[in-house]
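Dear colleague,

Please find below the structure that I am handing over to you.

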Amino acid sequence: MKKNTDTASPVAAHPVYLRSGFSLCRLRQTIIRTGFIILIVGFIAGAASCDGKSGSGKLSHKKKELTHSLLFVLGKDFYQYSDLFTYLSNVYDSESLKANLHILSYRDMTAKTKQPRLSIISERLAAQPVEALISIGIPEGGARILRTAQEKYPDLHIFSLLPVEEILPLEACSDIVVDFELPDSFAKADRAVDIPAHDVQTLVLCAVTAVEQINELPEQEPFPRFARAVATTVDILKEQGIAAWGGTPYTLHPYKDPELNIRSYNYLILSPPSTGGRADSEEPEMSAAGEKQ
């Protein structure tokens, strides 16, 4: 009797098993490969997004170019301020500062004499013409030199900050004179000790901003012109994460002579909130943020 040979042989089924296992292996590899590619693409996209955000952050804090040439004249109380130009260097790039920012300090004026030799201001202007002169605590007698400079260089803009000199002569030869309101008992010779560094740094940046804006509204009077510069400075520092004036809400207003009851044209006062300024309520005022009161 012939044996039944229809039963499937294990040897015959083996190739089918191999084909099935090979297909599953290829499918698994394809899935892994696809997942790995998706992971890499996601990583690259995330990195590009982070770079874009970082780049936009850097662009928002990109330093400005100082376009006007300046001469700073530093009086006795301010020439040793190591951080006098900190805010300025935060806002303007180093190359334009190096090219356009010139400094004449009290040490330079007293290098050869005990008393400051103020004529060196005229010498420096002759050797290095500039568009604006910004004095900080200019010594007594400085107004005479500034008047001579004004006559010799009629296009020179003069900003007198924190004056030690008599005010009237400075008003006559300056575009703008700016001071903080101080107690009547305050000795001007000690002013540098009492004025916080961030106040002086902010005022320096305000003056430079006023120079940079000088040609935008040339017919504008001193008070609204400087108030505009103050408002711009506050916004610039805010973008840098810095509170102008250290956060003190000063009020800017023209000085008013208490005896003559006359408001000054270009002598401006920054008053702290405790005093609210000495100007009458009818007088124009601007907050440190540049908002009209």
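**Findings**

Leu162 is placed in the loop that runs between β4 and α7; helices (H or I, at least four residues) and strands (E, at least two) are DSSP runs numbered from the N terminus. The model is a predicted one: local features need pLDDT of at least 70 and side-chain atom pairs count only at pLDDT 80 or more, while totals for chains, interfaces and linings use all residues. Residues are numbered from 1 along each chain as its sequence is written, and side-chain values use heavy atoms, with hydrogens and water left out.

*Two residues with positive phi*

Leu162 is not a glycine, yet its phi is positive, at about 50°. Most residues other than glycine have a negative phi. With a relative accessible area of 0%, Leu162 is buried (buried means under 20% relative accessible area, exposed over 50%, partly exposed in between, with a 1.4 Å probe and protein chains only). Trp245, in the loop between α10 and β6, also has a positive phi, near 60°. Trp245 counts as buried because its relative accessibility is 0%.

*The sheet*

An open sheet of 8 strands has the order β2-β1-β3-β4-β5-β7-β6-β8, with mixed pairing; two strands pair if DSSP finds at least two bridges between them. Its edge strands, each pairing on one side only, are β2 (101-104) and β8 (286-287). β1 and β2 run parallel and are joined by 4 bridges, and Phe72 stands opposite Ile103 in β2.

Strand β6 (residues 251-256) includes Thr251, which is buried at a relative accessible area of 10%. Beyond residues up to four places away in sequence, Thr251 touches Ile269, Leu270, Ser271, Glu285, Met286 and Ser287 (contact means heavy atoms within 4.5 Å).

Leu268 belongs to strand β7 and counts as buried, at 0% relative accessibility. Its contacts, leaving aside neighbours within four places in sequence, include Val178, Phe226, Leu252 and Tyr255. Leu268 and Leu161 are 107 residues apart along the chain, and their C-alpha atoms are separated by 9.7 Å.

*The nonpolar cores*

A nonpolar core is a set of buried Ala, Val, Leu, Ile, Met, Phe, Trp, Tyr and Cys residues joined through side-chain atoms within 4.5 Å. The largest has 49 residues, and Phe72, Phe226 and Trp245 have the most contacts inside it. Among the elements that each supply at least two residues of this core are β1 (70-74), α9 (197-212) and α10 (222-239). The most comes from α9, with 9 residues. Phe72 touches, among others, Phe85, Leu101, Ile103, Ile134 and Val204, not counting residues up to four places away in sequence. Another core, of 23 residues, lies apart from the largest one and has Ile121, Val130, Leu156 and Leu170 among its members.

*The second largest pocket*

The lining of this pocket has 7 nonpolar, 1 polar and 7 charged residues (Ala, Val, Leu, Ile, Met, Phe, Trp, Tyr, Cys and Pro count as nonpolar, Asp, Glu, Lys and Arg as charged, and the others, Gly among them, as polar). α7 (167-173) and β7 (263-271) each supply at least two residues of the lining.

With kind regards
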